[in-house]
Amino acid sequence: RTSAIMGTAALIGKEAIARTELAPEGYVFIAGERWRARLESGAAAIGDHVRITGAEGYQLRVEKL
């Protein structure tokens, strides 16, 4: 048996799409929801794919793919 994973922990490692420019903060779209995100380095344009690496409260940390 494995324990259920919910909330931001369930999103870590998944791919999302930038809905606004991430320079370094903005919004991403994943699992039918819009989330606040902070890019770890560089910048991402609208439509770029990013991977979720962590979370701080309700803000996701992401890296550009």
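Guide: This is a predicted model. Let us begin with Arg-38, which has 36% relative accessibility and counts as partly exposed.

Visitor: Why is Arg-38 called partly exposed?
Guide: Buried means under 20% and exposed over 50%. Arg-38 has 36%, so Arg-38 falls in between and is partly exposed.

Visitor: What makes Arg-38 and Glu-25 a salt bridge?
Guide: The rule asks for a side-chain nitrogen of Lys or Arg within 4 Å of a carboxyl oxygen of Asp or Glu. Here the N to O distance is 2.6 Å, so the pair meets the rule. Arg-38 lies in strand 3 (residues 33-39) and Glu-25 in strand 2 (residues 25-30), so the pair ties together parts that are 13 residues apart in sequence.

Visitor: How do you know that Glu-25 is partly exposed?
Guide: Its relative accessibility is 43%, which lies between the 20% and 50% limits, so Glu-25 takes that label.

Visitor: Why do Lys-64 and Asp-48 count as a salt bridge?
Guide: Their closest N and O atoms are 3.4 Å apart, which is within 4 Å, so the label applies. Lys-64 sits in strand 5 (residues 59-64), while Asp-48 is in the loop between strand 3 and strand 4 (49-56), 16 residues apart. With a relative accessible area of 45%, Lys-64 is partly exposed.

Visitor: What makes Glu-56 and Arg-61 a salt bridge?
Guide: Their side chains meet at 3.4 Å, N to O, and the cut-off is 4 Å, so they qualify. Arg-61, at 27%, is partly exposed.

Visitor: How many salt bridges does the rule give?
Guide: The count comes to three.

Technical notes: Residues numbered from 1 in each chain as written. Predicted model: local features only at pLDDT ≥ 70, side-chain atom pairs only at ≥ 80, totals over all residues. Heavy atoms only, no water. Helix = DSSP H or I, 4+ residues; strand = E, 2+ residues; numbered from the N terminus. Buried < 20%, exposed > 50% of the residue type's maximum accessible area, 1.4 Å probe, protein only.
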